[in-house]
Amino acid sequence: MDSVLIVSNTNTTLEIISDMLNSQTFSRIVTTQNGAEARRDLIDSDFDLIIIDSPLPDEFGDDLALHASESSTAGIILIVKAEMLTDIDAVVEDAGVFVLPKPVSPDFFYQAVKLLSASRKRVLSLESENQKLQKKISEIRLVDRAKCILIQYLNMTEPQAHRYIEKQAMDLRQSRTVTAENILKTYER
């Protein structure tokens, strides 16, 4: 993890959390004291970890946590009073927000940060794999459209159209996608 956003209405808490995080490998720690500033920071920058110490002066903090979970891939920790833990957890749990009770012990805090770091890496890995699969599906659809065009306009069979696209791509030293795009440009107007 590289960057952290800490949101708390007290300078003391900001310093304590910053000190706990300084022992870890964070290159950038941004601090803010209210929800509105935090939302602006979320628009301007990407963060790996967001820590919200509730309540904030302009809101409680659960709405900010939900907003952050929808608008970023950051791991999110919401710190609340112990007696509110169950109620707040029920509100933000489905959004993937990790709720910690006040006061937070340093060991428990470190474990929460490590857990969020590991789960965030896993999610980013799955997103990357998903993007690769989506790209592959798009390529297959494009090639299939080109095959249909060859079948329609040149009366080829499906195996012939497939072989034609493969051979063109190999002969011209280009991808099947580029070959399919060229076929579609030629016949679709």
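Modeller: Two residues are in contact when heavy atoms of theirs lie within 4.5 Å. Keep that in mind as we walk through this predicted model.

Biologist: Happy to! Which residues does Leu78 touch?

Modeller: Leaving out residues up to four places away in sequence, Leu78 touches Ile52, Ser54, Gly61, Asp62, Ala65, Ile88, Val92, Val97, Phe98, Val99 and Leu100. Leu78 is also one of the residues with the most contacts inside the largest nonpolar core, together with Ile50 and Ile52. That core has 19 residues.

Biologist: Which helices and strands supply at least two residues of this core?

Modeller: The strands are β1 (3–7), β3 (49–53), β4 (75–81) and β5 (97–102), and the helices are α2 (35–44), α3 (62–71) and α4 (85–92). Apart from this core lies another, of 16 residues, including Ile6, Ile17, Leu100 and Leu116. As a general point, nonpolar side chains tend to be buried together in soluble globular proteins.

Biologist: Now Phe47, in the loop between α2 and β3. Why does Phe47 count as buried?

Modeller: Buried means under 20% relative accessible area. Phe47 has 3% relative accessibility, so Phe47 counts as buried. Among the residues Phe47 touches are Val4, Leu5, Val30, Leu42, Ala74 and Arg120.

Biologist: Arg120 belongs to the buried residues of α5. How do you know that the length of α5 agrees with what a helix should span?

Modeller: Let's compare two values. At 1.5 Å a residue, the 49 residues of α5 should span 72 Å, and the end C-alpha atoms are 71 Å apart, which agrees. The buried residues of α5 are covered by elements including α1 (11–22), β3, β4, β5, α6 and α7. Just after α5, Asn155 takes a positive phi of about 55 degrees.

Biologist: Which residues of α7 are buried, and why do we say they are on the same side?

Modeller: Thr179, Ala180, Ile183 and Leu184 are buried in α7. They cover an arc of only 135 degrees around the axis, and therefore lie on the same side of α7. In general, an α-helix has 3.6 residues a turn, so residues three or four places apart point the same way.

Biologist: What do those buried residues of α7 pack against?

Modeller: Their partners are α5 (106–154) and α6 (158–171).

Note on methods
Residues numbered from 1 in each chain as written. Predicted model: local features only at pLDDT ≥ 70, side-chain atom pairs only at ≥ 80, totals over all residues. Heavy atoms only, no water. Core = buried A, V, L, I, M, F, W, Y, C linked by side-chain atoms within 4.5 Å. Buried < 20%, exposed > 50% of the residue type's maximum accessible area, 1.4 Å probe, protein only. Helix = DSSP H or I, 4+ residues; strand = E, 2+ residues; numbered from the N terminus. Arc of directions from axis to C-beta. Expected span 1.5 Å × (residues − 1).
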